[in-house]
Structure formats: C-alpha cells, structure tokens
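This report considers the structure shown below.

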Amino acid sequence: MRQDPAHPHLIATGGKENALKVWDLQGSEEPVFRAKNVRNDWLDLRVPIWDQDIQFLPESQKLVTCTGYHQVRVYDPASPQRRPVLEATYGEYPLTAMTLTPGANSVIVGNTHGQLAEIDLRQGRLLGCLKGLAGSVRGLQCHPSKPLLASCGLDRVLRVHRIRNPRGLEHKVYLKSQLNCLLLSGRDNWEDEPQEPQEPKKAPLEDTETDELWASLEAAAKRKLPDLERTQGALQTRRRKKQRPGSTSP
Amino acid sequence: MAKTGVNSGSRGKKGLKRKAAAEEPQEAAVAEDGATESGVQPPKAAAFPPGFSISEIKNKQRRHLMFTRWKQQQRKEKLAIKKKLKKEREALGDKAPPKPVPKTIDNQRVYDETVVDPNDEEVAYDEATDEFASYFNRQTSPKILITTSDRPHGRTVRLCEQLSTVIPNSHVYYRRGLALKKIIPQCISRDFTDLIVINEDRKTPNGLILSHLPNGPTAHFKMSSVRLRKEIKRRGKDPTEHIPEIILNNFTTRLGHSVGRMFASLFPHNPQFIGRQVATFHNQRDYIFFRFHRYIFKSEKKVGIQELGPRFTLKLRSLQKGTFDSKYGEYEWVHKPREMDTSRRKFHL
C-alpha cells in the first residue's frame with residue numbers, strides 16, 4: 001500500500017493476485033481506479049498478478065508498480081485504458097523494492113537476488129545496474145535531490161550508492177540483523193521526536209506477504225541525511241528494535 | 001674486453017656468472033680470470049647495454065640459456081643468504097630473535113567486519129529468535145530425510161546410505177520424480193526437521209541442498225571430492241549407532257555462524273561419548289570439509305583417530321530464507337563469482 005505524497009487522500013493498494021487499485025479516502029467506497037490485467041500471453045494463458053511495490057510518479061497521475069514476476073508496469077488513470085501503459089521486464093527473480101530517481105524519469109528496482117537496476121520509464125529499457133548486494137533487496141530509497149540511493153537487504157548491510165557519474169558504491173555499513181526497510185529522514189534530531197508520528201511512515205513500506213516473516217526479522221535501519229560519515233557505534237545506538245510481544249519463530 | 005654479448009656466450013659456459021642488466025666490463029674480466037682454473041678457455045666478457053633484459057633476446061635457445069643461468073645465480077644467492085642467517089642464529093644461540101611467521105593466504109585475510117564477537121548481545125538475541133532456536137532450546141530433536149535427484153546412480157545411492165549411518169535418526173527415500181515443493185509439505189506434516197537432497201551429475205554426486213523444514217533456511221552447496229567408505233585408506237570398522245559429537249571449525253563470520261548452526265541442528269543434542277565418534281565440519285577458505293572419525297585417547301595428550309564414514313567437501317552457493325523455492329524465494333546470501341571472488345584474500349564464511 002502506498003500513499004500519494006502529493007495528494008494525501010489517495011492511496012494505492014496491490015498484492016498477490018490483487019490488482020492495483022487506487023482509493024480515495026474522502027470519496028466513495030469504490031476505488032477511483034481499478035487496473036485491468038494484461039492480455040493473455042502467447043500461450044493464451046492468464047498472466048498472474050503479484051504487485052510488490054507501488055510508487056506514485058510526481059507531476060502526473062501515473063503509478064509505477066513492480067511485480068514478483070519481474071515486470072515493471074506504468075499505469076495511467078487519466079487515460080481511458082485500464083491496462084498498463086508501459087511494461088518492462090528485468091531479470092529472472094521477483095522484484096521486491098522500488099524507488100524513483102530524482103528528476104529523471106526512471107526507477108530503480110531490486111530483486112531477491114540482490115541485483116539493482118535502473119529502468120527508464122519513457123522507453124522501458126534498462127539504463128544500468130548497481131552491484132554489491134548479496135541478499136534479497138528489502139528497502140530502497142533515493143535522495144530527493146542528490147543522486148544517492150540507500151539500499152538495505154537480507155545480507156545485513158546498509159549501502160549508499162551513487163547513481164550517476166560514476167555509478168558505484170559510496171559507503172556501506174554492517175548492521176548485525178537482517179534489514180527490512182529504511183527511511184531517509186531530513187530531520188536533524190529525529191531521536192528526540194516522539195515515537196508515534198514516525199510509526200505511520202513505516203506502515204506503507206510493509207507488504208502484505210512479508211507479514212509472516214516479521215517475527216524472525218529485526219528492526220528498521222534509520223539513516224540520517226546529509227551527514228554521511230557515521231561510525232558503526234553511533235548507528236547502533238540509533239537503531240530501534242521492534243519489540244514484538246509474544247513473538248515466536250514461525 | 002667489451003664484446004658483443006650475444007655472440008660470445010654462444011659456447012654455453014655455465015660457469016660464467018652473468019647478470020643481464022648493468023654489468024661492468026671489469027667485473028666480467030675478473031670473473032673470467034677466476035674461471036681459468038676450470039681449464040677451459042674462458043669466453044670474453046660481454047657488456048650489456050643498461051636497461052637490457054633477457055626477455056628481449058630473440059633467439060629462443062640463447063634466451064633460455066641466459067634465463068637458466070640467471071636463475072641458478074639467484075638460487076645460489078638465496079642459499080647463501082639462508083646459510084648466513086642460520087649461522088648468525090646459531091652464533092646468537094638463546095638470544096636469537098624469534099623466527100618470522102611466513103605469510104599465508106589465511107594470515108593475510110582481509111579484515112571482515114562481519115566476524116561474530118562471542119559476547120555480542122545483538123547476535124545472541126538474533127539467534128535466540130531465529131529458526132534454529134527451538135533446536136538449541138532442546139524443544140525439537142532432529143529427524144532428517146535424505147533423498148537424491150531423480151534416477152540416482154550407484155555412487156549417489158551408496159553415499160546416501162552411508163550418510164544415513166553417520167547422521168542419527170535419518171531416513172533415505174528414493175526420489176521417483178517427485179517435485180521438491182510437493183515433498184516439503186508432506187515432510188512437515190510427518191514432523192521431519194531437515195531435508196537433504198544430494199544432486200547428481202554424470203553419475204557422481206555434485207551438489208547438496210540442506211533445507212531446515214518448518215520454513216527454515218535452505219542452503220545450496222557444491223559438493224566435490226566425495227570419497228565413499230571403501231575408497232578411504234586405513235579406515236576403521238563401520239560406525240555404530242551411537243550419537244556422534246560435532247566439531248565446527250572456523251565459522252567466524254555472521255554467515256558462517258548461520259551455516260554452522262544449520263549443520264549443528266542436523267545432529268541430536270546429546271552426544272554419546274561412549275561411542276567415541278565425531279563428525280567434523282572444518283571451514284577453510286570458504287570450503288567446508290566433512291570428516292567422520294573414531295578417536296581413542298591413548299594417554300592424556302595422545303589421541304589415535306581412525307577415519308570412518310564418507311568424506312566430502314562443500315562450498316556454499318546460496319542461502320535462501322524460506323524452504324526450497326529457487327524461483328520465487330528470497331535469498332539471504334548468493335555467491336556471485338564476478339563480484340565476490342575478485343580478491344584472493346577475501347572469504348565470506
């Protein structure tokens with residue numbers, strides 16, 4: 001589920017065998033936009049649906065989704081067709097996380113093998129890959145103005161990459177537990193903030209099918225901008241563990 | 001005295017020591033005089049232009065000759081240095097400085113920040129809540145299912161049988177073309193805790209998939225160097241039904257820790273020391289060596305060991321978070337040769 005940052009009353013939902021729907025919280029019970037599945041493939045079989053991550057594109061009504069069947073799709077509620085406007089595929093493994101790049105019309109997706117790729121949304125082609133991750137990518141976020149990307153995954157390392165000139169790894173930190181999601185915060189003293197306003201921001205990053213893995217996974221890693229120099233000791237104090245009462249390993 | 005170097009040495013005098021680069025004519029003359037004792041006419045010295053290297057000689061025979069001569073000279077110098085050092089050590093006796101430790105790839109290993117500190121409480125908390133916690137809390141005892149890929153050949157079948165004697169409470173079943181994803185729910189319903197699949201290629205076992213069952217991690221290994229019982233020299237009699245002890249060596253990093261726990265959870269938690277049997281998983285340079293021995297203490301410090309049981313070497317290819325699902329599963333660690341194998345001194349386990 002994702003909330004549109006420009007219009008806070010619009011949310012989009014999607015999941016496994018659950019097509020993309022855009023809801024208006026102030027409007028009616030019916031979704032504002034309900035996406036239609038693509039046509040049957042060349043064997044005349046129904047193409048399965050598994051939306052893993054959704055992003056709203058700024059300055060338009062379009063949405064981008066990445067699926068577990070390694071597809072990236074762009075939907076446009078303003079156009080008369082409910083099918084995706086653009087579809088691109090990358091790799092052979094389910095795409096788990098997605099983020100928009102600053103300014104340019106491209107997204108960066110990550111899959112369960114640790115491969116990160118930048119895909120152009122105007123033409124639907126692959127612009128380039130980022131390497132380094134060894135585990136499934138769970139969280140991705142781009143800086144709103146600088147060409148920096150933070151990624152975290154199941155290999156317990158938080159990495160900051162440079163997306164342009166040249167593409168590469170800027171910094172990495174070993175955090176001792178499997179990381180599930182991350183958040184780039186612009187505030188300086190986020191530790192002093194009360195806990196409640198920050199919790200809702202984490203909720204949209206959860207996916208429905210990762211719920212059963214929560215009990216065995218540890219916290220969110222929080223990352224502060226623009227200060228990039230960080231010692232591991234300092235990060236450890238800032239990391240919060242999610243206390244799950246009565247959680248046992250599934 | 002100064003002659004063209006290429007022609008004068010064609011006689012192939014090995015007694016004449018000659019360095020290719022920067023040689024003065026006078027030194028060569030002195031060497032010549034020394035060589036007259038051999039009774040053969042010494043060849044005249046050659047002055048090589050500075051910056052000359054043996055590899056620039058076009059004639060292969062001549063080049064080879066110059067190189068062997070140079071090599072012999074190097075060896076002699078090295079031996080001389082060694083002898084001198086030895087003499088000095090003997091002369092100093094007790095006051096000699098300790099011998100320097102030779103550099104090995106294991107010594108020079110790149111610093112790995114993921115090495116687990118034994119007192120680390122975060123790692124301890126992590127391990128208390130992961131999938132193996134129920135085994136380490138003695139709540140479950142292992143029950144293993146061993147199977148192979150479809151239509152196994154003789155070696156693989158015998159390896160499975162021998163493995164089932166090594167691992168207590170294990171059962172071997174034939175695969176008969178069943179899909180793993182269908183086998184797994186059935187295993188879970190029959191209370192199996194682990195699944196081992198030995199993959200075979202061209203009549204030899206070459207892969208191992210170890211899956212912890214109620215939704216635990218799945219490790220995929222490359223298996224090499226498999227020796228069945230009859231191929232092991234000087235081995236002891238067949239292993240008994242006693243539960244063996246386990247030795248896990250060198251699983252230092254966080255990934256190594258997880259893999260080590262996977263191996264430990266295959267065996268029951270209460271080793272029977274009467275049986276004097278031990279299974280060893282030794283990790284060195286990312287290769288895991290499996291051995292099965294019987295030991296006997298001859299005295300306080302002397303142990304005799306007999307190797308029983310199969311032996312093989314494993315290399316981790318991937319560690320997946322759920323049970324076996326190579327297409328849609330999430331990987332905790334994947335071995336990527338072009339990214340991870342760039343340094344000879346960096347290891348991941």
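## Salt bridges within a chain

Arg162(A) has a relative accessible area of 25% and is therefore partly exposed. The model is a predicted one. Glu170(A) is likewise partly exposed, because its relative accessible area is 35%. The side chains of Arg162(A) and Glu170(A) form a salt bridge, with an N to O distance of 2.7 Å. Over all chains, the structure holds 22 salt bridges.

In chain B, Asp112(B) pairs with Arg109(B) in a salt bridge whose closest N and O atoms are 3.9 Å apart. Asp112(B) is buried, since its relative accessible area is 11%, whereas Arg109(B) is partly exposed at 28% relative accessibility.

## The interface between chains A and B

The contact between the two chains involves 26 residues of chain B and 34 residues of chain A. Together the chains bury about 2600 Å², of which 46% is on carbon and sulfur atoms. Glu122(B), Tyr328(B) and Glu330(B) account for 22% of the area that chain B buries against chain A, more than any other three residues.

Between chain B and chain A there are 15 residue pairs in polar contact, counting pairs with both residues at pLDDT 80 or more. On the side of chain B that touches chain A, two or more residues each come from helix H4 (121-128), helix H8 (254-264), strand S10 (331-334) and helix H9 (337-340) of chain B. The residues on that side of chain B comprise 8 nonpolar, 6 polar and 12 charged.

## Charged pairs across the interface

Chain B and chain A are joined by 4 salt bridges. In one of the salt bridges, Lys176(A) pairs with Asp120(B), the closest N and O atoms lying 2.7 Å apart. Lys176(A) is in the loop between strand S16 (168-174) and strand S17 (182-185) of chain A, and Asp120(B) is in the loop between helix H3 (60-92) and H4 of chain B, so the pair joins two chains. Both Lys176(A) and Asp120(B) are buried.

Arg156(A) forms a salt bridge with Asp126(B), with 3.2 Å between the closest N and O atoms. A network of salt bridges links Arg156(A), Asp126(B), Glu127(B), Asp130(B), Arg254(B), Arg261(B) and Glu332(B). Arg254(B) and Arg261(B) are among the buried residues of H8(B), a helix in which 10 of the 11 residues are buried.

Arg138(A) is located in strand S13 (residues 137-142) of chain A. Its side chain makes a polar contact of 2.3 Å with the side chain of Glu330(B). Arg138(A) counts as buried because its relative accessibility is 9%.

## A loop residue of chain B

Tyr174(B) occupies the loop between strand S2 (170-172) and helix H7 (180-189) of chain B. Tyr174(B) counts as exposed, given its 57% relative accessibility. Beyond its neighbours within four places in sequence, Tyr174(B) is in contact with Thr147(B), Pro152(B) and Val157(B). Tyr174(B) and Val157(B) are 17 residues apart in sequence, and their C-alpha atoms are 9.0 Å apart.

## Cysteines

The count of disulfides over all chains is 0. Cys66(A) is in no disulfide, and the nearest cysteine sulfur, that of Cys142(A), is 14 Å away. Cys66(A) counts as buried because its relative accessibility is 0%.

Cys142(A) is buried, with a relative accessible area of 7%.

How values were computed:
Residues are numbered from 1 along each chain as its sequence is written. Chains are lettered from A and ligands numbered from 1 in the order in which they are written. This is a predicted model: local features need pLDDT of at least 70, side-chain atom pairs count only at pLDDT 80 or more; totals for chains, interfaces and linings use all residues. Side-chain values use heavy atoms; hydrogens and water are left out. Helices (H or I, at least four residues) and strands (E, at least two) are DSSP runs, numbered from the N terminus. Buried means under 20% relative accessible area, exposed over 50%, partly exposed in between (1.4 Å probe, protein chains only). A polar contact is a pair of N or O atoms within 3.5 Å; within protein, one must be able to donate a hydrogen and the other to accept it, and residues adjacent in sequence count only if both atoms are side-chain atoms. Contact means heavy atoms within 4.5 Å. Buried area is the accessible area (1.4 Å probe) that two parts lose on being put together, summed over both. Ala, Val, Leu, Ile, Met, Phe, Trp, Tyr, Cys and Pro count as nonpolar, Asp, Glu, Lys and Arg as charged, and the others, Gly among them, as polar. A disulfide is a pair of cysteine sulfur atoms within 2.5 Å.
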